[in-house]
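Opening the notebook on this one.

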2 protein chains.
Amino acid sequence: VFLVLLLATVCGMGLSAQVKALAPVAKDEYYMVTFVSGGEYWKGCFKGFKDAAAVYGAKVVYDGAPEYELNRALTVLNQIIDKKPAGIHISCMDPVAYIDPIKRAMAMGIPVTTFDADSPDSGRHTYLGTSNYTAGVYAARHMGKICGGKGDVAVVTVPGPLNIKQRVDGFSDTIAKEFPGMKVVQIANGGGDQTKSAQATANVIQSTPSIKGFFCSESIGGFGSAQAVKEAKAAGKIHIISFDTDKGTLDSIKEGVIDATIAQGTWNMGYWGFNFLYHLKHNTLNPVEGWKAAGINPLPPTVDTGVTVVTKDIVNSYYIKY
Amino acid sequence: VFLVLLLATVCGMGLSAQVKALAPVAKDEYYMVTFVSGGEYWKGCFKGFKDAAAVYGAKVVYDGAPEYELNRALTVLNQIIDKKPAGIHISCMDPVAYIDPIKRAMAMGIPVTTFDADSPDSGRHTYLGTSNYTAGVYAARHMGKICGGKGDVAVVTVPGPLNIKQRVDGFSDTIAKEFPGMKVVQIANGGGDQTKSAQATANVIQSTPSIKGFFCSESIGGFGSAQAVKEAKAAGKIHIISFDTDKGTLDSIKEGVIDATIAQGTWNMGYWGFNFLYHLKHNTLNPVEGWKAAGINPLPPTVDTGVTVVTKDIVNSYYIKY
């Protein structure tokens, strides 16, 4: 008995308050859930989620429907909720269809946060994602810089998705506002397809021989523009700024065909999302007296996770090893 | 020797990875620095900062120039930097004047974050603060709700400061966009003075007898409007939405003269600001390989800390005890 007490005392002296408040609970598992779950894009998010869990010594699981199929995605989510995990970080395939399961999870006392694609009316504690308009602003400023503030530029995009439109708006507005010597001559439809994007790029090069650069609002368009610019033997002369950090895009930056790409803060979405869930679960949040009963949110309601302009100088950092 | 080894082993077995990564360092002190440092507004921010530090078992210090005097504020900040603390969370009295000291601190390896008032070109890791436009949107929606979507309303404000203008814009835009049965009939100048704000409010009541409500974009204007509405014996009939959670405003909500006030996420500014500094200092952030050399930010670049509409139902929560 004496020895046991001694051990407890000595060990206890070495422990700080944090051990009590933030010590991991052995049975607790935190889930990150996506759709088209094999997508390369999610790897950066889950790396952040795992990195944060490792800091606290907590357990994480990655899951999601492998296909782009709403019913399947909802089934996977509902099965996870039934396990009553310690917390769930969700990228929502559909903002409306996710309301019911998220409300159900939160009614069961499971902390829920969302990332990359939100369900704003679900009551989730917070959403972490990219400000796509700001991403377009960054792309425009980098284009302005590499073009020396002069010349005609074009956009290769996909009409439809709101996040894609916001990127294009941010780009076009910023060129118009901040670069009086530049002009967006065309917003071309690449259809989210490499061959169509290459054709659209080739058409612009033919109709506007003075063209200095292309902003491609998603990675497939970037592959197409890169192909067309190479075929026109204009690599390095006609500049390309693409989006996201797929291996093909990074390779093309190394090769010197794509000048830069806009990296989203995927690691931030995972790392800080986990922190939010963990502090919620461990009940360390107390913004004001009686906040829970009063329905007061102890988290920032939305977090812009930022973007980085990835050029040749830093491209090697983005080949993530899992 | 045997006993010591045994102790170390037993203790070690009970410790998780987090103890190594996030255990507090005894000599480390984290500073929160403001200006007009006695202001009531900062108490909520520092409560969040302290609450977060307590979770990790870390030490915090609050400091700042008591007066509204730039040179004095900079002197206090520079003295803190000279102590080489573990991290500094700063509300910047001036965005430009704070660039040099923040750059100096970061060159010394001190993590720096800002809150409430930013210095965006200083290179600080992140800024946490209120989206003032969104705050105005919330005020408008609550006004729309309590007026049943109908009637004339007015604003009592102070021309000049950008954050105040953004609140008024958010309010006016939202009334125009979302409430076709309502109209902002006047944006009155209360001069940031209670007597002037009361006079401005009384003038509107006289010129527009149909007036249904006032949005006061800062707390002093709210005191003035409350005074005028009481003098007109119209408490509860003419609605008031004010800003921030000064004791006087909370008392007036309890009394039924002010309907609601917009609380900023001050606790969030402190709690999550501390977490950002602590994780930076403990080197737990690694978004991509070689991120430091590549200049990549492992934090969200800006965080909207949110607002809460404080009504009679939840007003008691906001009387913070320190």
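My entries follow, grouped by topic.

**Ground rules.** This is a predicted model, so I note that local features need pLDDT of at least 70 and side-chain atom pairs count only at pLDDT 80 or more, while totals for chains, interfaces and linings use all residues. Residues are numbered from 1 along each chain as its sequence is written, chains are lettered from A and ligands numbered from 1 in the order in which they are written, and side-chain values use heavy atoms, with hydrogens and water left out.

**Salt bridges.** I counted a salt bridge when a side-chain nitrogen of Lys or Arg sits within 4 Å of a carboxyl oxygen of Asp or Glu.

For burial I use relative accessible area: buried is under 20%, exposed is over 50%, and partly exposed is in between (1.4 Å probe, protein chains only). Helices (H or I, at least four residues) and strands (E, at least two) are DSSP runs, numbered from the N terminus.

First pair: B:Asp28 and B:Lys27 are bridged at 3.4 Å, N to O. Are the two partners buried or exposed? B:Asp28 is buried at 6%, whereas B:Lys27 is exposed at 69%.

Next I checked B:Lys47 and B:Asp51, whose closest N and O atoms are 3.0 Å apart. Both are in helix H3 (residues 41-56) of chain B, 4 residues apart, which means about one helical turn between them. The background I jotted down: an α-helix has 3.6 residues a turn, so residues three or four places apart point the same way. B:Lys47 counts as buried at 13%, and B:Asp51 is partly exposed at 21%.

The last pair is B:Lys230 with B:Glu255, at 2.8 Å from N to O. This one ties together distant parts of the chain, 25 residues apart: B:Lys230 is in helix H9 (residues 219-231) and B:Glu255 is in helix H10 (residues 247-255), both of chain B. B:Lys230 is partly exposed at 42%, and B:Glu255 is partly exposed at 49%.

**Helix packing, chain A.** Axes here are lines fitted to C-alpha atoms, for helices over the stretch in contact, and angles run from 0 to 180 degrees between N-to-C directions. I took helix H3 (residues 41-56) and helix H11 (residues 266-281) of chain A, which pack at about 40° with axes 6 Å apart. H3(A) and H11(A) are therefore oblique to each other (under 35 degrees would be roughly parallel, over 145 roughly antiparallel, 65 to 115 roughly perpendicular, and the rest is oblique). Their crossing is right-handed; the convention is that the near helix is turned clockwise from the far one by less than a right angle, anticlockwise being left-handed.

Which residues make the contact (heavy atoms within 4.5 Å)? Among them are A:Gly44, A:Gly48 and A:Phe49 of H3(A), and A:Trp267, A:Gly270 and A:Phe274 of H11(A). By class, the contact of H3(A) with H11(A) has 13 nonpolar, 6 polar and 2 charged residues. For the classes, Ala, Val, Leu, Ile, Met, Phe, Trp, Tyr, Cys and Pro are nonpolar, Asp, Glu, Lys and Arg are charged, and the others, Gly among them, are polar.

**Helix packing, chain B.** I did the exercise again with helix H6 (residues 132-146) and helix H7 (residues 162-178) of chain B, and found an angle of about 40° and axes 7 Å apart. That makes H6(B) oblique to H7(B), and H6(B) passes H7(B) in a right-handed crossing. The contact includes B:Tyr133, B:Gly136 and B:Arg141 of H6(B) and B:Arg167, B:Gly170 and B:Phe171 of H7(B). I get 7 nonpolar, 6 polar and 5 charged residues for the contact of H6(B) with H7(B).

**H5 in chain A.** In helix H5 (residues 99-107) of chain A, the residues A:Ile99, A:Pro101, A:Ile102 and A:Ala105 are buried. They pack against helix H4 (70-82), strand E3 (87-90) and strand E4 (112-115) of chain A.

A:Asp244 has a positive phi of about 70° without being a glycine. I place A:Asp244 in the loop between strand E9 (239-243) and helix H10 (247-255) of chain A, buried at 14%. B:Lys233 is another non-glycine with a positive phi, about 50°. B:Lys233 lies in the loop between H9 and strand E9 (239-243) of chain B and is exposed at 70%.

Methods:
Contact means heavy atoms within 4.5 Å.
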